[in-house]
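Let's take a walk through this fold together. Have the sequence and the model side by side as you read.

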Amino acid sequence: LGVRTAFDVTAATQLVTDLGTRITNRRQVAQSVGDIAVNQRLAEHVLFDVGLGTSFNAVGNAKVHYLASGLSYRF
C-alpha cells in the first residue's frame, strides 16, 4: 500500500516520490518506507532512473537504506 507523486521537471525528466508500507514476512509487522527518484528519458523507448530510499521503522532487526539505479527499455 502506498502513495506516489510525480512531477515533470522537463519533457524528458521526472521527479518521483513514494511513501508506503511493505510486509517482508507474514509474521512481522509492516515496514514503512519512502523513496525519491529521478527518471530520465534517454531515447523514445529508453529510460534511466536513480533513486534513494529508506525505511522509517526497523523490522526483523533491520532498517533498510538503499541507493538504486536502472535502465529500462519499453516496447
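We'll go through the strands, then the salt bridge, the surface patch and the pocket.

This is a predicted model, so local features need pLDDT of at least 70 and side-chain atom pairs count only at pLDDT 80 or more, while totals for chains, interfaces and linings use all residues. Residues are numbered from 1 along each chain as its sequence is written, and side-chain values use heavy atoms, with hydrogens and water left out.

Start with strand 1, residues 2–8, which runs antiparallel to strand 2 and is joined to it by seven bridges. Strands here are DSSP runs of E with at least two residues, numbered from the N terminus, and two of them pair if DSSP finds at least two bridges between them. Four residues sit between strand 1 and strand 2 in a hairpin. To get your bearings, look for Ala6, whose bridge partner in strand 2 is Val16.

Now move on to strand 3, which pairs with strand 2 in the antiparallel sense over 10 bridges. Here Asp18 has Asp35 of strand 3 as its bridge partner, and Arg22 stands opposite Gln31 in strand 3. Follow Asp35 across to strand 4, and its bridge partner there is Gly53. Strand 3 and strand 4 are again antiparallel, with 10 bridges, and a hairpin of two residues joins them.

Back to Asp18 for a moment: it forms a salt bridge with Arg4 (a side-chain nitrogen of Lys or Arg within 4 Å of a carboxyl oxygen of Asp or Glu), the closest N and O atoms being 3.9 Å apart. That ties strand 1 to strand 2 across 14 residues of chain. A search of the whole structure finds one salt bridge.

What about the surface? A nonpolar patch there has about 1,000 Å² of accessible area together, and its members include Phe7, Ile36, Phe48 and Leu71. Patch residues have over 30% relative accessible area and no salt bridge, with nonpolar side chains (Val, Leu, Ile, Met, Phe, Trp, Tyr) joined within 5 Å; the areas come from the Shrake-Rupley method with a 1.4 Å probe. Strand 3, strand 4 and strand 5 (65–73) each supply at least two residues of this patch, and Phe7 comes from strand 1.

Finally, the largest pocket holds about 200 Å³ of space. On a 1 Å grid over the protein atoms alone, a pocket is an open set of points where a 1.4 Å probe fits, with protein on both sides within 12 Å along at least five of seven lines, and lining residues have an atom within 4 Å of a point. There are 13 lining residues, with Ala12, Gln14, Asn39, Arg41 and Leu47 nearest the centre.

Note on methods
Points joined across faces, edges and corners; volume = space filled by probe spheres on them. Patch = residues over 30% accessible without salt bridge, like charges linked within 9 Å, V, L, I, M, F, W, Y side chains within 5 Å.
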